[in-house]
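Please keep the sequence and the structure in view while reading.

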Amino acid sequence: MRVLIVDDHPIVASGCRAVLSGEPEIALLEAADAEGGERVFTSEQPDVCVIDINLPTVSGFELARRILERQPAARIIMFSMNDDPVFAARAIEVGAKGYVSKSGDPNDLVEAIVQVGRGDTYLPPAIARSLAFAGPTAAQSPLAKLTSREMEILRLLGAGKSLTEIAWLVQSSYKTVANTSSIIRQKLGVRTSGELVRLAIDHGVA
């Protein structure tokens, strides 16, 4: 089974190699950003993709969207430092078959790859419980109001990108991105772009 790891942190990539070194049936492919990940996916057609949410340019959510647009049957696991169930819910919404927290048990990654590789889905038990019982708590999170595309634009705004830059990065028009930015402000109850940036940072999106 060929597994593509898309992560820009060398230590994390090294850790993934170490964790998976005891799995002789797994061959690793690597990329450090969304653009590289998309190229490797297109040329190598891996069986499973493990994608970090916080990549340097566009996020892992956007990369997952592009991959699934090319290949709807692609098997994707989102990988993140954030174990907030809202992020897991967004991963499922975008079409991922699994979600693994970097702060969790390293064996979760192995189990996720095995399960997703054979066509199943995977959530670590703690995150699955959080999602199952989040209910009103998840609804209280302002991020729960946002779609995965809105989360992507919020993340890029939080990273200091202009609307023009964001339009280029997410392969959309300036008008669409500007309209989406306005919708995000309305949903989150903020009036200015500065408030939006602060909210993105405070909630670990940027």
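Predicted model: local features only at pLDDT ≥ 70, side-chain atom pairs only at ≥ 80, totals over all residues.

What volume does the largest pocket have? The largest pocket has a volume of about 200 Å³.

**The largest pocket**

- The lining of the largest pocket consists of 13 residues, and those closest to its centre are Cys16, Val19, Phe79, Lys102 and Pro106.
- At least two lining residues come from each of three elements, namely helix α1 (10–20), strand β5 (98–101) and helix α5 (106–117).
- Helix α1 makes the greatest contribution to the lining of the largest pocket, giving five residues.
- Sorted by class, the lining of the largest pocket comprises eight nonpolar, three polar and two charged residues.

**The contact of α10 with α11**

- Helix α10 spans residues 174–188 and helix α11 spans residues 193–202; their axes come within 11 Å and cross at roughly 70°.
- Because angles of 65 to 115 degrees count as roughly perpendicular, α10 is described as roughly perpendicular to α11.
- The crossing of α10 and α11 is left-handed.
- On the α10 side, the residues in contact are Ser181, Ile184, Arg185 and Leu188; on the α11 side, they are Ser193, Leu196 and Leu199.
- By class, the residues of the contact of α10 with α11 are four nonpolar, two polar and one charged.

Note on methods:
Residues numbered from 1 in each chain as written. Heavy atoms only, no water. Axes fitted to C-alpha atoms, helices over the stretch in contact; angles between N-to-C directions. Helix = DSSP H or I, 4+ residues; strand = E, 2+ residues; numbered from the N terminus. Parallel < 35°, antiparallel > 145°, perpendicular 65-115°, else oblique. Left-handed = near helix turned anticlockwise from the far one by under 90°. Contact = heavy atoms within 4.5 Å. Nonpolar A, V, L, I, M, F, W, Y, C, P; charged D, E, K, R; others polar. 1 Å grid on protein atoms, 1.4 Å probe; cavity = no way out; pocket = protein on both sides within 12 Å on 5 of 7 lines; lining within 4 Å. Points joined across faces, edges and corners; volume = space filled by probe spheres on them.
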